Each structure stands twice: as structure tokens, then as C-alpha cells.
Amino acid sequence: MKASKIAYKPVGLALGAVSGMLAGAAFKQTWKMLGHERDAPDATDEDRDWREVLTAATLQGAIFAGVKAAVDRAGATATRRLTGTWPG
């Protein structure tokens with residue numbers, strides 16, 4: 001394994017935590033913007049219908065994937081600017 005890849009591991013872990021927090025906040029705001037008064041449903045929430053549960057899960061997955069990709073890419077780009085080496 002390349003030294004740059006090993007050195008980037010802690011940075012990648014920190015960025016993963018940050019992206020999770022950002023994505024969670026973005027999803028909550030998006031869910032409220034769509035006109036839902038309550039929090040997003042869990043899959044086992046008995047009071048919610050299938051459509052609402054699956055819509056929330058799909059939207060949450062898309063937001064998390066997009067935010068994670070953006071944060072990971074920004075971290076890799078910043079690492080290349082600082083070190084001259086791409087971390088992947």
C-alpha cells in the first residue's frame with residue numbers, strides 16, 4: 001500500500017464523519033421543505049405508509065451519497081494541492 005494512501009486514512013475517516021453530519025442536516029431540511037411536519041419515518045414506523053417510508057429512504061440515500069462523494073472529492077483535491085499526490 002502506498003504511503004500517501006496510508007497517510008490519508010485518518011483524513012478520510014474524519015471527512016466521512018463530517019459528510020455524515022452534513023448529509024443528515026441536509027436531509028432533515030429537505031424533508032421539512034417537502035412539507036412534512038414530522039421527522040422522517042423509520043422502516044418499522046407502524047403509523048406511516050409504504051410510500052412515505054420508501055420515499056424518505058430513497059431521498060436520504062441520494063442525499064447521503066451525493067454529500068459523501070462531494071466531501072471525499074474535495075478532500076482528495078485538497079490533499080493533492082497540499083502534497084502533490086492524489087490519495088487514491
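**View 1. The largest nonpolar core has 10 residues: Tyr8, Leu15, Ala23, Phe27, Trp31, Ala56, Ile63, Val67, Val71 and Ala76.** The model is predicted: local features need pLDDT of at least 70, side-chain atom pairs count only at pLDDT 80 or more, and totals for chains, interfaces and linings use all residues. Residues are numbered from 1 along each chain as its sequence is written, and side-chain values use heavy atoms, with hydrogens and water left out. A nonpolar core is a set of buried Ala, Val, Leu, Ile, Met, Phe, Trp, Tyr and Cys residues joined through side-chain atoms within 4.5 Å. Buried means under 20% relative accessible area, exposed over 50%, and partly exposed in between (1.4 Å probe, protein chains only). Helix H1 (3-33) and helix H2 (50-83) each supply at least two residues of this core. Helices are DSSP runs (H or I, at least four residues), numbered from the N terminus.

**View 2. H1 and H2 cross at roughly 145°.** Their axes come within 8 Å. Axes are lines fitted to C-alpha atoms, for helices over the stretch in contact, and angles run from 0 to 180 degrees between N-to-C directions. The crossing is right-handed: the near helix is turned clockwise from the far one by less than a right angle. By class, the contact of H1 with H2 has 14 nonpolar, 7 polar and 3 charged residues. Ala, Val, Leu, Ile, Met, Phe, Trp, Tyr, Cys and Pro count as nonpolar, Asp, Glu, Lys and Arg as charged, and the others, Gly among them, as polar.

**View 3. Phe27 and Trp31 form a tilted ring pair.** The count comes to 1 aromatic pair. The ring centres of Phe27 and Trp31 are 6.0 Å apart and the planes stand at 35°, so the pair is tilted. Rings of Phe, Tyr and Trp (its six-membered ring) pair if their centres lie within 6.5 Å; planes under 30 degrees apart count as stacked, over 60 as edge-to-face and the rest as tilted. Both residues lie in helix H1, 4 residues apart, about one turn of the helix. Leaving aside neighbours within four places in sequence, Ala56 is in contact (heavy atoms within 4.5 Å) with Phe27, Trp31, Ala40 and Pro41.

**View 4. Ser19 is a buried residue of helix H1.** Its relative accessibility is 5%. Neighbours within four places in sequence aside, Ser19 contacts Val67, Lys68 and Val71.

**View 5. Leu15 and Gly24 lie in helix H1.** Leu15 touches Tyr8, Val71 and Gly75, not counting residues up to four places away in sequence. Gly24 is partly exposed, at 22% relative accessible area.
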